[in-house]
Amino acid sequence: MVDLSVNLSGLELDNPIIPASGTFGYGHDFAELYDINILGSFSFKGTTKDERFGNPTPRIAECEAGMINSVGLQNPGVDAVIADELPKLKKVFDKKVIANVGGFSIDEYVHTCALLDKEDQVGIIEVNISCPNVHGGGMSFGTNPSDAASVTEAVKKVTTKPVYIKLSPNVTDITEIAKACEASGADGISLINTLLGMRINLKTKNPVIANKMGGFSGKAIFPVALRMVYQVYEAVSVPIIGMGGVSSADDVIEMMLAGASAVQIGAANLVDPYVCRDIILALPDTMKKYGIDNLKNIIGGAH
Amino acid sequence: MKQSVFKILSNEKIADSVYRMVLKGDTSHITASGQFINIKLDGLFLRRPISVYDYDESTVTIIYKVVGVGTEQLSGMSEGELDILTGLGNGYTVSNDTKSALLLGGGVGVPPLYNLAKKLVAVGKTVTAVLGFNSKCDVFGEDEFSDLGVKTIITTADGSYGIKGFVTDAISEIEYDEFYTCGPEPMLKAVYDATSTSGQFSFEERMGCGFGACMGCSCKTKYGNKRICKDGPVLVKEEIIW
């Protein structure tokens, strides 16, 4: 018997597979397709203090082996998430969920995290300081170490749950940001968010996406994500949730060898809605193929 | 929604850049006219959402226009298998409280109205279809709609076939209790302004997933934010915000 279980700051997961925020809604849409209790956990749609419609459409552009999105943190707001989405989720998911939180000021992050701290269903709070699709907030906190540290410190004061900070790859040195978060009390680091990208329609000569630029994700970004997980693993000692272009059981093992304690799967869900389930089912045989009996033992194994 | 493999039975050109493809497979999750399927194509990251023209127990027929690399690739396939998500979108609701229905389709907005026309005729409604195209070389569907017992009127923007003008130029004499429409957004807006009864509009938007997960195709309505792929593509006239 192979052992797929992993541990994130005390939260025991049956396996390392976590659908990434923004590709899995609040879970119940996917629960219509398969029993989502097979998942290690999942990170719910980025939630902000107030309801947001997000950016104008078109919000999506296709790329070679990937896609660009500029959704802009559309969500019903934290009050509606707690009142409506979490009770709906409870009916279809018995495990702890990862609460992904977005914001435009430190006060907003604090407000949202303090409310989610009271929810039993939430196992980890994942603070997104890296959304490339909102102006005047989000990613700006994730592009300099002192701002990242301030958000981390402020959020840690209002919750006893593990806090993971989700980092942007759109920086000069991601390890500096990761170290600042760790020093300010982050329990873990999630990386990477999407890479800022764009496409232009050759017929109209205009950007494909209404907001012009968006976040590039999908299979194509896997080597970049893997490299950054590898670098951050050498820079910090807290657990890492690795993500970016993961779309197979082989990718999961590669990401864990680079230093991830668990792995999120994003864009692949949008193309193959069963991909997380299928990867979990494929992991035991893939582990055997590479002579692995316990996934926990391979974390950072490539260093 | 269901993910399954369909076999291509046929794929023929029926108008300028427009193809009809018949696929064999499990259609049990297609529950309403106006729904769409989402097709995976080799080498392309995103699936291609295409509306259902017609379906039965074992086949689904789509009519699509070549507009980019995905539909170009699809148009070249005469055999083989495709990975398809079926049963996507809400589709049209066939109401029981009206007697006559008007269908307004523009270009590749015509296909989702065909299976709907069948269902409306089956419940005993008098159905009129106004199908609009740019030019004679783009026209398709006239015989197929007529064969259902639907009074079918064709319009072309350049006047090369049927009535010259847009679909809204052909409806002043038609009596109807309700309407159903699909086409490019400027046409839908014109239909909205030119009609006085209630009606159902099928919208198009660039999609990521096609099944409600990514929020790529959201729109604002009077009934709140909706996802075109999952809460739509059909919206009722009363909720639309232009």
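This is a predicted model: local features need pLDDT of at least 70, side-chain atom pairs count only at pLDDT 80 or more; totals for chains, interfaces and linings use all residues.
Local features require a pLDDT of at least 70 and side-chain atom pairs count only at pLDDT 80 or more, whereas totals for chains, interfaces and linings use all residues; side-chain values use heavy atoms, with hydrogens and water left out. Residues are numbered from 1 along each chain as its sequence is written, and chains are lettered from A in the order in which they are written.

At the interface, 34 residues of chain A are in contact (heavy atoms within 4.5 Å) with 28 residues of chain B. The size of an interface is often given as the accessible area lost when the parts come together. Here the buried area (the accessible area, taken with a 1.4 Å probe, that two parts lose on being put together, summed over both) is about 2500 Å², and carbon and sulfur atoms give 58% of it. Within chain A, the residues that lose the most area to chain B are Phe53(A), Glu62(A) and Val271(A), which together account for 26% of what that side buries.

Polar contacts are pairs of N or O atoms within 3.5 Å; within protein, one atom must be able to donate a hydrogen and the other to accept it, and residues adjacent in sequence count only if both atoms are side-chain atoms. Across the interface of chain A and chain B, 13 residue pairs, both at pLDDT 80 or more, meet this rule. Helix 1 (28-31), strand 4 (60-63), strand 5 and helix 9 of chain A each supply at least two residues of the side that touches chain B; helices (H or I, at least four residues) and strands (E, at least two) are DSSP runs, numbered from the N terminus. Helix 9 gives the most to this side of chain A, with 4 residues. The side comprises 16 nonpolar, 8 polar and 10 charged residues, where Ala, Val, Leu, Ile, Met, Phe, Trp, Tyr, Cys and Pro count as nonpolar, Asp, Glu, Lys and Arg as charged, and the others, Gly among them, as polar.

A salt bridge is a side-chain nitrogen of Lys or Arg within 4 Å of a carboxyl oxygen of Asp or Glu. The structure holds 20 salt bridges over all chains, and the count between chain A and chain B is 4. Lys230(B) pairs in this way with Asp29(A), with the closest N and O atoms 3.1 Å apart. This pair runs from the loop between strand 14 and strand 15 of chain B to helix 1 of chain A. Lys230(B) also forms a salt bridge with Glu32(A), at 3.5 Å between the closest N and O atoms.

Most residues other than glycine have a negative phi, and most peptide bonds are trans. The bond from Leu191(A) to Ile192(A) is cis, with omega near 5°, and Ile192(A) lies in the loop between strand 9 (188-191) and strand 10 (195-197) of chain A. In chain B, a cis peptide bond joins Gly232(B) and Pro233(B), with omega about 10°; Pro233(B) is found in the loop between strand 14 (224-227) and strand 15 (234-236). Lys205(A), a residue other than glycine, has a positive phi near 65°.
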